[in-house]
Amino acid sequence: MTKEWLKIIIAAAFEVVWVIGLKHADDVLSWIVTIIAIVISFYALIAAGKYLPVGTVYAVFVGLGTAGTVLSEILFFDEPVDIVKLLLIGTLLIGVIGLKLVTSNEEKKQEVEG
């Protein structure tokens, strides 16, 4: 795994934090954490997009963030477990893994470096 893919995973992890924060933040500290998570998330997303195809970066970011948010709601906020929802998240993650496997890091680096 390259550094750019790690940035996408970090961006998605912080996406989960800020999405949950948008729903559950109710004091100054939780809003500050939410805003910091937004900044870190988008900084990592933009940094990864410089070296990987933007469409792939965004699809993986959204896919991982969506899966993480749904799972976090189930694990931490007592959202009811729906087997269909879990199957669809699994399908989404298979697509994300497929995008990672078919994306070449070297081609994009050569395009950026000229």
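Predicted model: local features only at pLDDT ≥ 70, side-chain atom pairs only at ≥ 80, totals over all residues.
Two packed helices are described by the angle between their axes and the distance between the axes.

**The contact of helix 1 with helix 3**

- From helix 1, the contact draws on W5, I8, I9, A11, A12, E15, V16, V19, I20, K23 and H24.
- Helix 3 contributes T56, V57, V60, F61, V62, L64, G65, T66, G68, T69, S72 and E73 to the contact.
- By residue class, the contact of helix 1 with helix 3 comprises 13 nonpolar, seven polar and three charged residues.

**Secondary structure of the chain**

- The protein chain contains five helices and zero strands, and its elements follow the pattern α-α-α-α-α when read along the sequence.

**Dimensions, burial and surface**

- The C-alpha trace of the protein chain spans about 50 × 35 × 20 Å along its principal axes.
- Of the 114 residues in the protein chain, 32% count as buried.
- The accessible surface of the protein chain amounts to about 7100 Å², with 71% of that area belonging to carbon and sulfur atoms.

**Contacts along the sequence**

- Among contacts in the protein chain with a separation of 6 or more, 71% are accounted for by residues 24 or more positions apart.

Definitions and conventions. Residues numbered from 1 in each chain as written. Heavy atoms only, no water. Contact = heavy atoms within 4.5 Å. Helix = DSSP H or I, 4+ residues; strand = E, 2+ residues; numbered from the N terminus. Nonpolar A, V, L, I, M, F, W, Y, C, P; charged D, E, K, R; others polar. Buried < 20%, exposed > 50% of the residue type's maximum accessible area, 1.4 Å probe, protein only. Areas by Shrake-Rupley, 256 points an atom, 1.4 Å probe, with all protein chains shown as cover.
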